[in-house]
Amino acid sequence: MYRYDEFDHDFLAERVAQFGDQVARRLSGELTEEEFRPLRLMNGLYLQLHAYMLRIAIPYGTLSATQLRALAHVARRYDNGYGHFTTRQNMQFNWIKLEEVPQAMADLAAAEMHGIQTSGNCIRNVTADQWAGVAPDEIEDPRVWCEIIRQWSTLHPEFSFLPRKFKIAVTGSPHDRAAVRVHDIGLRLHRNEAGEIGFEVMVGGGLGRTPYIAKTIREFLPKQDLLSYLEAILRVYNQLGRRDNIYKARIKILVHALGAEKIAELVEAEWQQMRDGALKLPQATIDAISTHFAPPDYPTRDPMPPQLMAARLRDPDFARWLRSNVAPHRVPGYAIVSISLKPEGAPPGDCTAGQMDALADLSERYSFGETRVTHEQNLVFPHVAQEHLPELWRALDALELATPNIGLASDIIACPGLDYCSLANARSIPVAQHLGQRLGALDRQHDLGNLQVKISGCINACGHHHVGHIGLLGVDKNGEEFYQITLGGSAADDASLGAILGPAVAYDKVVDTVASLVEGYVGLRENGERFLDTYRRVGAAPFKERLNAAR
Amino acid sequence: MPLVKDGALVADAWTRIADDAALPGDGAVTVSFKRWEAERSSLLGRNAPVGVFLGNTDPVEALASDLNRIGVVMLDFPKYTDGRAYSQARLLRERLGYRGELRATGNVLRDQLLFMRRSGFDTYEVDERGAAGFAASMAAVTHAYQPATNDAGMLLRRYTSARASGAK
């Protein structure tokens, strides 16, 4: 994992002091709220419906045990005893007091954490595959590149007041677990015909009210040119992106308006003028950062441990968890364990301070002190010995963290919705809670397989509904909460945007309606098809009928 | 508007001339890009310093061949959240090699000064709060990760020569 050096620590100390001074000037009235707004946003501080919300960056989703304990401390000391993991691998605290923010920031800084660029019209916290470094199909570890991008983008003097927010995601595997095609820039490490590793660069993806799948503007970018090329893209966007309308300001609108070819041409022209300048990455820099991500020294473990086999036969609950929450690791004898933050009936992504502390202890015992955060709002222990799986499962179960539903129907993504957010039209969390219970029951009955349900409380699409196999969008109809249903979206390597199925459904009908759609799929599916495959094969008509009957 | 240069309040040597006003016979003047384009040769032939005020959509490249004859380039922040002038500043300094005064005008607040300096600005039209807090704001963050106009940044240096030689 990346560890701060003296420079990082000194930088962060200055940044914490600077923000403390800005908060003091706001509290004294020297700064107006309008002037303070971008300053607090660039430090992750929002003003929500009921209180301030503090968003802490978890760079590319990697947490040490110390960092997890620091988050638990902030939850306990400055918030209501829990935190919320978001779809961008960050953590949000929803009940923070402005006066206490500087001290919370200082506490987090001691654990090498901060809220820098988790909000505002700047380059946001960079996200990555949660299985980075351990996925069997990985070509190269994306975290090295995320860290390089983190450093380059931190307080970038030219790109801190962009037309709109800017999100970058990196994947190093053919199977995309980082949803790179719905980011402002998606980077995919791959091999060219000569066998060299470089980046496919995709630009202009995004969800929100105008969803687009990103377009490839460069098939292969040599690694040492990554930062100069990113700087060229950002410079083109900073100058040409629209600033007259907040809803048309993302780079996806510019890419759509000018066309991907024209954007590629403008970026290329800019890049040619600076590609061999100060941003060209020397191999020594890449190597120095790579050493932070060297794999742990894995002791040799039995790839077929008898205690695992025995537990699987003895305990069907363990067997079920093993099937849904445990994935193969690149090192024999080890496994990747996903920890669901979607127990049935609970708000997706929430984690109590007690759970965080306990997970920190478990990560030290079973995962080399490392935890990952996923964009599906779950956690991962990336390095678990297979022989430890039964005891880890028992420990997680005691913490109510062993829900066996990763990738299944009740593993729902949802935004905070009207319960917290001032932008929302409708509640997301209670719908996720009720739907999770209902679909969980259906799943046990029919073994639904991989099914992604995503819920957004408004058109800003923080719950990624456009790329849910089933997406729900909260809309306001004469002051009442309704939900528009989209089907057929995906954020994976087969990325697509869902299509609206029909008229929106009222709050008290939405759970029944979605359940009916899923039952319809059960009747139509052929040989192990996922919901998405069935929908793509048969089309919308049978689902439309069910929508009309149910609503 | 107080004007800060080299960390101190200074008197403004430049007079901004509106597009429809007559040019004075002598004295340092600045004009809009539009007027610069229309009256370039008479402005250069005036035998007094001339500067240009660029809007955010005016192309900096159009000044390329005259930069050694221009005394000040003023770039605009119509709102302090509008960051186009940062790109214009870097292009003027790094691409076009401009060495003269580069001034931040408009909604210039003290919490943006560090970004401006690193993008190549060297004079700032600030408000009273910016003038009073100028030194503190400029000293708030002394560590920079990325290369920019006035320094190479640490991303490259600290992993290569600086580290090898033991320097911080």
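This is a predicted model: local features need pLDDT of at least 70, side-chain atom pairs count only at pLDDT 80 or more; totals for chains, interfaces and linings use all residues.
Residues are numbered from 1 along each chain as its sequence is written, and chains are lettered from A and ligands numbered from 1 in the order in which they are written. Local features need pLDDT of at least 70, side-chain atom pairs count only at pLDDT 80 or more, totals for chains, interfaces and linings use all residues, and side-chain values use heavy atoms, with hydrogens and water left out.

Me: Why is S119(B) called buried?
Reply: Buried means under 20% relative accessible area, exposed means over 50%, and partly exposed lies in between (1.4 Å probe, protein chains only). S119(B) has a relative accessible area of 0%, so S119(B) is buried.

Me: Where does S119(B) lie, and what is in contact with S119(B)?
Reply: S119(B) sits in the loop between α3 (113–118) and β8 (123–125) of chain B. Helices (H or I, at least four residues) and strands (E, at least two) are DSSP runs, numbered from the N terminus. Contact means heavy atoms within 4.5 Å. Leaving aside neighbours within four places in sequence, S119(B) is in contact with residues including P157(A), E158(A) and Y86(B).

Me: Why is A358(A) called buried?
Reply: A358(A) has a relative accessible area of 18%, so A358(A) is buried. A358(A) belongs to helix α12 (residues 353–366) of chain A.

Me: What makes D21(A) and R110(B) a salt bridge?
Reply: A salt bridge needs a side-chain nitrogen of Lys or Arg within 4 Å of a carboxyl oxygen of Asp or Glu. For D21(A) and R110(B), the N to O distance is 3.7 Å. Across the interface of chain A and chain B, the rule finds 8 salt bridges. Over all chains, the count comes to 56.

Me: How do you know how much area is buried between chain A and chain B?
Reply: Buried area is the accessible area (1.4 Å probe) that two parts lose on being put together, summed over both. Between chain A and chain B, that comes to about 4,000 Å², and carbon and sulfur atoms give 56% of it. F7(A), P157(A) and F161(A) supply 21% of the area that chain A buries against chain B, more than any other three residues. The contact takes 52 residues from chain A and 37 residues from chain B.

Me: What makes up the side of chain A that touches chain B, by class?
Reply: Ala, Val, Leu, Ile, Met, Phe, Trp, Tyr, Cys and Pro count as nonpolar, Asp, Glu, Lys and Arg as charged, and the others, Gly among them, as polar. The rule across the interface of chain A and chain B also finds 19 residue pairs in polar contact, both at pLDDT 80 or more. A polar contact is a pair of N or O atoms within 3.5 Å; within protein, one must be able to donate a hydrogen and the other to accept it, and residues adjacent in sequence count only if both atoms are side-chain atoms. On the side of chain A that touches chain B, α1(A) gives the most, with 10 residues. By class, that side of chain A has 24 nonpolar, 11 polar and 17 charged residues.

Me: Why does the pair R235(A) and E270(A) tie together parts of chain A?
Reply: The side chains of R235(A) and E270(A) meet in a salt bridge at 2.8 Å, N to O. R235(A) lies in helix α6 of chain A and E270(A) in helix α8 (residues 260–272), so the pair ties together parts 35 residues apart in sequence. Both R235(A) and E270(A) are buried. A network of salt bridges links residues including R235(A), E270(A), E158(A) and R90(B).

Me: Why is R320(A) called partly exposed?
Reply: R320(A) has 25% relative accessibility, so R320(A) counts as partly exposed. The side chains of R320(A) and D443(A) meet in a salt bridge at 3.9 Å, N to O. D443(A) has a relative accessible area of 6%, so D443(A) is buried.

Me: Why is D66(B) called buried?
Reply: D66(B) has 2% relative accessibility, so D66(B) counts as buried. D66(B) meets R69(B) in a salt bridge at 3.0 Å, N to O. R69(B) has 46% relative accessibility, so R69(B) counts as partly exposed.
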